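Q: I have a model on the screen with its sequence beside it. How should I read the places where a ligand meets the protein?

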Amino acid sequence: MTEPFTVAIDGPAAAGKGTISKAVAERFGFAHLDTGLLYRAVGAKMLLGVEPIEAAQTLKAEDLQAPDLRSAEVAEAASKVAVIPEVRAALVDFQCAFARRAGGAVLDGRDIGTVICPEAEVKLFVTASPEVRAHRRYLELMAKGADTTEDAVLADVVARDARDRERATAPLRAAADAVFLDTSHMDIDSAVEAAARAIEAKRGERG
Ligand code: CDP
Ligand code: CDP
């Protein structure tokens, strides 16, 4: 396939967006962009004292390799810089071009189906209950040796979701034509299969 084919995967924190995106990108031979990493990289720079708009405007590929981008502290910083319209604007062109690259692309984030690529062929809105999402993120952070509690992770996730849903620019919400995927009671394989079926259905339509 040489023409663009975009899969937009949005949803709240730790819903399974990245895991599903990676698996379907591999299965269909699509490129994958975790757009949260862009905001995390800007958030990490802000924590180092760089002004967030400047950080977004000068972001480089190697900034996405910075250590600790997956920490809770950086996640919170990411959601704070993500409310700034100029930060979001500086990151739009790269994401749009990635979405429409030849050969297909999967992007996961908060505003892919609504703002970055409203023309995406497939839009998924991946959710799970806050408790399930916090538990998953807690296990990940513990595996990395973080010193935290499940209650603290739940509080962080809930606060971050609220900030993401309530911001004026590109808030977290499902596109009108998104397919909902509630993974609260799904293991990873079932969630990936459900996403793959939605993609297959669209690819079939296009012949
Ligand atoms: O990208 P997002 O923050 O939405 O979530 P993720 O990083 O893909 O998933 C968060 C954690 O939940 C990972 O450790 C996944 O392995 C796990 N997960 C799960 O246990 N069950 C699922 N159905 C999906 C993800
Ligand atoms: O992995 P998780 O779902 O916890 O977070 P992420 O996808 O890495 O995103 C971190 C933060 O970046 C989010 O809480 C949002 O504030 C912001 N973000 C955004 O505003 N728009 C996107 N397309 C992706 C992330």
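**Reading two ligand sites**

A: Start with one contact. A backbone N or O atom of A14 is 3.4 Å from an oxygen atom of ligand 2. Keep in mind that this is a predicted model.

Q: Which side chains make polar contacts with oxygen atoms of ligand 2?

A: Look for pairs of N or O atoms within 3.5 Å. The side chain of R137 places a polar atom 2.7 Å from an oxygen atom of ligand 2. For D164, a side-chain N or O atom is 2.5 Å from a ligand 2 oxygen.

Q: How much of ligand 2 does the protein bury?

A: Take the ligand alone, then see what the protein covers. Ligand 2 alone exposes 530 Å², and the protein buries 97% of that.

Q: What space does ligand 2 take?

A: Ligand 2 takes up the space of the largest pocket.

Q: Now ligand 1. Which backbone atoms contact its oxygen atoms?

A: Go back to A14. A backbone N or O atom of A14 is 2.9 Å from an oxygen atom of ligand 1. A polar backbone atom of A15 lies 3.0 Å from a ligand 1 oxygen.

Q: Which side chain has an N or O atom 3.4 Å from a nitrogen atom of ligand 1?

A: That side chain belongs to R136. As for burial, ligand 1 taken alone exposes 540 Å², of which the protein buries 79%.

Q: Where does ligand 1 sit?

A: Ligand 1 sits in the largest pocket. Two elements give two or more residues to its shell: α1 (17-28) and α7 (130-143).

Q: How many residues surround ligand 1, and which are the closest?

A: Ligand 1 has 14 residues around it, with A14, G16, K17, G18 and T19 the closest. The classes in the ligand 1 shell are five nonpolar, four polar and five charged.

Q: Where does UniProt place the "binding site" feature?

A: An unreviewed UniProt entry puts "binding site" at G11, P12, A13, A14, A15, G16, K17, G18 and T19. From this set, A13, A14, A15, G16, K17, G18 and T19 belong to the lining of the largest pocket. P12 falls in the loop between β1 (6-10) and α1.

Q: Which residues does the UniProt domain annotation cover?

A: The unreviewed entry gives "domain: Cytidylate kinase" for residues 7-53 and 60-199. Read each stretch by its make-up and its span. Residues 7-53 are 55% helix and 17% strand, with the end C-alpha atoms 28 Å apart. Residues 60-199 are 52% helix and 11% strand, and there the end C-alpha atoms are 31 Å apart.

Technical notes: Residues numbered from 1 in each chain as written. Chains lettered and ligands numbered in written order. Predicted model: local features only at pLDDT ≥ 70, side-chain atom pairs only at ≥ 80, totals over all residues. Heavy atoms only, no water. Near = heavy atom within 4 Å. Polar contact = N/O pair within 3.5 Å; in protein donor to acceptor, adjacent residues only side chain to side chain. Areas by Shrake-Rupley, 256 points an atom, 1.4 Å probe, with all protein chains shown as cover. 1 Å grid on protein atoms, 1.4 Å probe; cavity = no way out; pocket = protein on both sides within 12 Å on 5 of 7 lines; lining within 4 Å. Sits in = over half its atoms within 2 Å of the grid points. Helix = DSSP H or I, 4+ residues; strand = E, 2+ residues; numbered from the N terminus. Nonpolar A, V, L, I, M, F, W, Y, C, P; charged D, E, K, R; others polar. UniProt positions renumbered as here; feature names shortened; annotations may be inferred.
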